[in-house]
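The sequence and the structure come before the discussion.

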Amino acid sequence: MIDTLKTVFSNFRYVVLAVIIFILMLFSLLLLSEYVFLEPYVVSHIPDGTEFGFSLIVMLSVLSSLVIPMNVYRISTLKRSKKKMSGGIFGSFIGAAAGACSCGPVGFAIISTFGTVGATASSFLTNFEIPIRIAAIGLLVVVYYTTVRSLKIECKINHKV
Amino acid sequence: MDKRILFGGITIVVLVGLVALFSASNVADRDLSANRMHGSVSTTMGSSVLGNPDATITIIEFGDYQCHQCYNWFHNTKPTIFQNYVDTGKANFIFVDLAFLGRDSPKAAQASYCAEDQEKYWEYHDVLYASQESQIDNGWANSERLKAFAFNLGLDMDLFNECLDSEKYSKRVQYNISEAKKHEINGTPSFFIIGPNGQEHQIKGAQPYSVFKQIMDSMI
């Protein structure tokens, strides 16, 4: 597993990509879930009782920053299918969506625009925020292991060729 | 002649009584001509003022009883603000409903005003935030539970039930929601901090105590 990670991240481009994905994902999720505020002052805090939600966001960001560059490597270097890449992006997306729909501006916009249907969807994403995030992390873990395994096999084949 | 005077007197007393009764039964239709303004925000239909009415700073919260960020703010930030600003007379506090999250949100807001009829608004407000459950519309704020909260506070249940079932304060809650939208508030909790010279600061979200402190200290 470590060898596979070394293979991908020995290329500096993928390290930069991973860092960018991690920072963007972490920052936007912390902003949406109201751990970080930009106005009137830039401030961050973790309210009591929300520590678990915060740790899920960090895990989601770390996994996304590993899975997506590894799949970009598979596609661009080894010319493999984009199937696993879409799994990684889907996992990241649903993990992000879970926290976005609550009392904040995103939830308010959805409810104002779509009325009762919007309220039901927003309630669902809010009520099951933690289980959805855990499911997204589970999906990313699965994509991570299958990507590592296929990279091992594909790299061996490529080396033999 | 005396009978006529007596009859006239009784008629006047009955009429005055009817007018008084009519006024009392229409507490829901607050007098908008006596518009209570804090800065640019109309708080006429919101809660009563909690704390020193002559305080130099007014904190207005727009909130929803089913909003988990409002719950976070209520439990994590509000106590320190009250300890340092409201209880010391530097600031006062008003709650205005932006009940949008689910079907039980407007009902919970109406219930708080039914409790206000019996002078238990703030007690009921606190019970709602203390009793909030993590899921929206899962039944924790349905009519039965709202009535149970009132019962536990020792309210007159005949009056409370009649008030809640008749949706007496439906328009009041709707007015507050429209007031929030007028000020382009797009989430809960949102706050307006109104200073002594009419300065207004808006705070969006359940921000920490340090943000409120910084703004209010700059106004004192």
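A residue is called buried if 20 or more other C-beta atoms lie within 10 Å of its own, exposed if 12 or fewer do, and partly exposed in between, with the C-beta atoms placed from the backbone.

## Basis of the description

This is a predicted model, in which local features need pLDDT of at least 70 and side-chain atom pairs count only at pLDDT 80 or more, while totals for chains, interfaces and linings use all residues. Residues are numbered from 1 along each chain as its sequence is written, and chains are lettered from A and ligands numbered from 1 in the order in which they are written.

Chain A contains 6 helices and 2 strands, where helices (H or I, at least four residues) and strands (E, at least two) are DSSP runs numbered from the N terminus. Along the sequence these elements of chain A follow the pattern α-α-β-β-α-α-α-α, and 35% of its 161 residues count as buried.

Two residues are in contact if their C-beta atoms, placed from the backbone, lie within 7 Å. By this criterion 21 residues of chain A are in contact with 27 residues of chain B. Helix H5 (residues 105-127) of chain A gives the most to the side of chain A that touches chain B, with 8 residues. That side of chain A has 11 nonpolar, 7 polar and 3 charged residues, where Ala, Val, Leu, Ile, Met, Phe, Trp, Tyr, Cys and Pro count as nonpolar, Asp, Glu, Lys and Arg as charged, and the others, Gly among them, as polar.

## The sheet of chain B

Chain B holds an open sheet of 5 strands in the order E3-E5-E4-E6-E7, with mixed pairing; two strands pair if DSSP finds at least two bridges between them. Strand E3 (50-51) and strand E7 (200-204) of chain B stand at the edges with a single partner strand each, so one side of each is left without a neighbour in the sheet.

Strand E4 (residues 57-63) of chain B pairs with strand E5 (residues 91-97) of chain B in the parallel sense over 7 bridges, whereas 5 bridges join E4(B) to strand E6 (residues 190-194) of chain B in an antiparallel run.

## Helix packing in chain B

The axes of helix H6 (residues 143-152) and helix H7 (residues 157-165) of chain B come within 10 Å and cross at roughly 150°; axes are lines fitted to C-alpha atoms, for helices over the stretch in contact, and angles run from 0 to 180 degrees between N-to-C directions. H6(B) and H7(B) are therefore roughly antiparallel to each other, given that angles under 35 degrees count as roughly parallel, over 145 as roughly antiparallel, 65 to 115 as roughly perpendicular and the rest as oblique. Ser143(B), Leu146(B), Lys147(B), Ala150(B) and Phe151(B) in H6(B) meet Met157(B), Phe160(B), Asn161(B) and Leu164(B) in H7(B). This contact has 6 nonpolar, 2 polar and 1 charged residues.

Helix H4 (residues 104-116) of chain B packs with H6(B) at an angle of about 25°, with their axes 10 Å apart, which makes H4(B) roughly parallel to H6(B). Here Lys107(B), Ala108(B), Ala111(B) and Ala115(B) in H4(B) meet Ser143(B), Leu146(B) and Ala150(B) in H6(B).

## Backbone details in the loops

Most residues other than glycine have a negative phi, and most peptide bonds are trans.

Glu167(B), in the loop between H7 and H8 of chain B, has a positive phi of about 55° although it is not a glycine. Glu167(B) is partly exposed, because it has 14 other C-beta atoms within 10 Å. Glu184(B), in the loop between H8 and E6 of chain B, likewise has a positive phi, near 55°, and Glu184(B) is exposed, with 8 other C-beta atoms within 10 Å.
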